[in-house]
Amino acid sequence: MTTALNTQFGINGQLAFREDASGLIVANINNALGSASLCLQGAHLMTWQPRSQTVPVVWLSRDAKLAAGKSIRGGAPVCWPWFGPHATEAGFPGHGFARTVPWRVIESGTEANGATRLTLRLVASDKTRAQWPHDCNVDLTVIVGETLRMEMSTENTGAADFVIGEALHTYLQIGDIGQVSVTGLEGGEYWDKVGGTNKRKQDGAVSFSGEVDRVYINTAAECVIHDDKLRRRIHIAKSGSLSTVVWTPWVEKANKMGDMGQPDGWREMVCVESSNAMENVVKVAAGSKHTLIVEYRAASL
Ligand code: TA6
């Protein structure tokens, strides 16, 4: 399987596909600007580290396991075609099925600046159609360099409009959750999902002293993670997204999850997720295409 992939899409010394012990296929990207790894199942970018950084920017749990049909803890999970629990079907998977089904490579290449580009398309099946009976093409393009650009597009190739919720549920690596803040969301409204679901207004920067699980709505703002311990900032600029989710499980939920990298892996990550959720779900009209784009950049202080 990887021989054909490497023949058709491999790029010497830059992009290679290998079969993991789990049987899943992983793309490894290495160029002069940065490195990354991506599992074809779920089009799941697992790691990214620009050459300028001594610490990865995208976090992957040291307990992360690759397994067919299972989501991977960390990286940038693709949440699609809904975010969170399904609106009516309790038995449908949280955050949609996209991150646990096969995707196939449809294009690869090298950008003018030397970054590596890889595009994958979700492979529809009886299983996916049972949960999502709409004709569409769902593509993810990742461009790996000194920045990480991710473009998730939904093309409605059917005859009827449909509505999607979505997120690039990205885990960013930080020095310590107690020593970071997130700016860009000041004054914004959010759904607070801790202790129920309540609408609140953000006062100042977001800081962390316990579980935080918030969906900021009606915001196209760039967010910045200010990391005092690692002495860097992570810039998260987006388009085609009106929600931003900020999440840390904190210790109790992290221990219950059991795959956050014992004993305190949860302290070294924060999720800032470019999304369309809650009242920002997106109607994709028949024959049209919607694209969510996010670009990550790390700057040392
Ligand atoms: O984006 C935050 C969130 O919705 C949290 O409520 C938590 O469930 C997190 O996603 C992780 O979800 P997962 O299904 O990947 O364990």
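**Core packing, ligand shell and cysteines**

Leaving aside neighbours within four places in sequence, Phe-208 is in contact (heavy atoms within 4.5 Å) with Ile-177, Gly-178, Val-180, Val-182, Val-246, Thr-248, Trp-250 and Val-270. The model is predicted, so local features need pLDDT of at least 70 and side-chain atom pairs count only at pLDDT 80 or more, whereas totals for chains, interfaces and linings use all residues. Residues are numbered from 1 along each chain as its sequence is written, and side-chain values use heavy atoms, with hydrogens and water left out.

Phe-208 belongs to the largest nonpolar core, which has 72 residues. A nonpolar core is here a set of buried Ala, Val, Leu, Ile, Met, Phe, Trp, Tyr and Cys residues joined through side-chain atoms within 4.5 Å; buried denotes under 20% relative accessible area, exposed over 50%, and partly exposed in between (1.4 Å probe, protein chains only). The residues with the most contacts inside this core are Phe-17, Leu-45, Trp-103, Met-150, Phe-208 and Ile-225. Another core, of seven residues, lies apart from it and includes Cys-79, Ala-167, Val-215 and Ala-277.

The ligand is surrounded (a heavy atom within 4 Å) by Arg-73, Phe-83, His-95, Arg-99, His-169, Lys-193, Asp-213, Val-245, Trp-247 and Glu-273. Polar side-chain atoms lie 2.8 Å from a ligand oxygen atom in Arg-99 and 2.6 Å from a ligand oxygen atom in Asp-213. For His-169, a side-chain N or O atom is 2.9 Å from an oxygen atom of the ligand. The protein covers 77% of the 390 Å² of accessible area (Shrake-Rupley method, 1.4 Å probe) that the ligand has on its own.

Zero disulfides (cysteine sulfur atoms within 2.5 Å) are found in a search of the whole structure. Cys-39 is in no disulfide, the nearest cysteine sulfur, that of Cys-79, being 15 Å away. Cys-39 is buried, at 0% relative accessibility. The sulfur of Cys-223 is 13 Å from the closest cysteine sulfur, in Cys-271, too far for a bond. Cys-223 is likewise buried, with a relative accessible area of 1%.

Technical notes:
Polar contact = N/O pair within 3.5 Å; in protein donor to acceptor, adjacent residues only side chain to side chain.
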